[in-house]
Amino acid sequence: MTLKPDVRGFFDPATATWTYVVWSSGHEDRRCAIIDSVLDYDMHSGRHSTASADAVIDFVKARGLEVEWILETHIHADHLTAAHYLRAKLGGKIAISRHILAVLETWAPVFQSAEDTPLDGSQFDVLFEDDQQFTIGPMTAKMIHTPGHTPADTSYIVGDAVFVGDAMFLPDVGSGRCDFPGGNAGDSYDSGQKLLALPPETRMYVGHDYPPGPRREPQCMATVSEQRAGNLRFHQGVTRERFIEAREAADAGKGVPELILPSLQVNLRTGQFGKDINGVQFVRLPVDKL
Amino acid sequence: MSDIQTIHPKDLHTVEGKGGVILDVRTPGEHSDAHLARPHAHVPLGELDPADFMLRRGLDRETPVYMLCKAGTRARAAAEKFAAAGFPNVHVIEGGIIACDDCGEDINAMVVETGTAAGSCATKQPMSVERQVRLIAGLVVLVTSALGIWVNPVWLYVPLAVGAGLSFSGVSGFCLMAETLKKMPWNKGLKQQADTGGACGIIKPDNIPASSPGPGKPGCA
């Protein structure tokens with residue numbers, strides 16, 4: 001029998017990001033995982049806050065959970081992760097795909113941040129190999145490599161649920177853009193097929209939601225069968241060629257996310273602002289590098 | 001069903017701290033006319049599937065849910081649906097949005113644009129059930145009173161009956177006409193996959209805080 005994990009989602013309206021807490025309520029084992037947390041950051045003032053992360057902390061404490069994992073699906077370019085803050089407050093191991101090493105190699109020179117951003121990924125507690133199995137309390141979990149949006153995107157399968165980050169969005173939204181360095185529409189298609197091959201009743205939890213109309217409120221979940229039937233980009237009958245063509249046309253001329261520069265450098269340090277100068281931390285804005 | 005709790009509108013500020021969610025179960029028309037400024041979800045009572053609602057919004061079984069309608073009747077029905085589906089932490093907001101307004105809750109009221117200045121983006125706003133009831137009752141009284149005065153006094157029994165019905169609904173909070181109207185196709189909510197996005201997402205409410213906090217207001221003891 002497949003375990004059905006309990007899932008609590010937290011939506012951050014500022015960046016349209018879903019953060020998840022995953023555990024098994026039917027068990028005495030209270031260990032849980034936190035997936036894709038958010039550290040609030042204001043571009044103009046350079047101020048950050050932990051309000052979003054604190055809501056997650058309050059929830060974990062209220063339910064009497066013990067954090068075993070702090071998982072990242074990828075290095076986000078549109079929001080900062082609170083992984084480091086959460087680990088300091090709640091414990092747990094920060095984990096991400098080993099493919100992150102390629103992302104580090106691409107971006108560390110852009111930010112000239114080798115001094116406080118180890119290129120061997122040692123700032124993360126665990127670098128998962130492809131298809132690596134692990135456990136969250138009583139539940140077995142598995143990472144699968146689902147690149148396309150970035151070269152290191154990971155999906156996590158936990159019981160009858162899968163957390164896909166930006167590899168796929170809700171049916172009426174489609175899937176993540178593929179025009180970042182290392183992104184690839186063909187890879188995105190192949191990753192989508194991997195996800196759609198999961199059992200039809202699998203609950204697919206997405207990393208963002210951008211409701212297409214004013215009456216559709218933010219949601220976080222669609223089943224694999226709903227995705228197969230109606231995903232804007234991945235619905236049945238779409239060939240690889242047509243998917244790539246439509247994806248590239250949609251991405252052409254797209255602006256970069258507002259928080260891309262702070263996000264990348266901070267997320268490569270698991271959510272830290274980096275080494276200080278006389279007690280002041282900085283965000284670097286490289287000129288003409290994007 | 002007895003484990004359904006109630007919350008007074010003046011305590012709504014505590015909902016967020018408890019990790020709870022407010023669920024407005026009125027019709028789309030009523031919701032666009034006026035809704036809470038604080039975060040809330042909106043699903044009309046007739047479309048509400050508790051388990052599906054909780055799952056798609058990432059809410060776990062124990063998340064507190066606070067039901068809101070106009071005056072409390074539909075909120076109680078929604079709460080009973082949740083309790084029957086096995087959700088243990090369900091609350092009814094006493095007195096509905098009327099009481100919330102009286103207690104100084106910020107309400108975003110929509111000013112419906114009547115002109116066509118919005119061009120091809122003009123989006124039709126359904127009339128609230130409340131206004132439909134007033135319109136129909138008013139028209140019936142108007143026409144049958146006229147018939148009673150000028151044609152045959154027997155017609156005057158009709159406005160008499162309408163008056164009795166309105167008084168009854170005022171006292172009891174139950175309105176047969178409203179209940180009937182809610183079942184009409186034009187009062188059913190729009191489908192979840194609303195495809196109204198694109199360049200035309202223009203239904204911008206003019207946000208008008210309806211009332212300033214008024215501790216002395218009646219109904220908010």
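How many cavities of 30 Å³ or more does the count come to? The count comes to 2 cavities. A cavity is a set of points, on a 1 Å grid over the protein atoms alone, where a 1.4 Å probe fits but cannot get out. This is a predicted model, where local features need pLDDT of at least 70 and side-chain atom pairs count only at pLDDT 80 or more, while totals for chains, interfaces and linings use all residues. Residues are numbered from 1 along each chain as its sequence is written, chains are lettered from A, and side-chain values use heavy atoms, without hydrogens and water.

**Stop one: the largest cavity.** It holds about 120 Å³ of space. Select its lining (residues with an atom within 4 Å of a point), including A:I75, A:W107, A:F180 and A:L264. Helices α3 (100–111) and α7 (260–267) of chain A each give two or more residues. α3(A) gives the most, with 3. Helices here are DSSP runs (H or I) of at least four residues, and strands are runs (E) of at least two.

**Stop two: the sheet.** Select the 6 strands in the order β1-β2-β3-β6-β7-β8 of chain A. The sheet is open, with mixed pairing; two strands pair if DSSP finds at least two bridges between them. β1 (6–12) and β8 (126–128) of chain A stand at the edges with a single partner strand each, so one side of each has no neighbour in the sheet. Now zoom in on β7 (93–97) of chain A, which pairs with β8(A) in the parallel sense over 3 bridges. Find A:A95; its bridge partner is A:V126.

Methods. 1 Å grid on protein atoms, 1.4 Å probe; cavity = no way out; pocket = protein on both sides within 12 Å on 5 of 7 lines; lining within 4 Å. Points joined across faces, edges and corners; volume = space filled by probe spheres on them.
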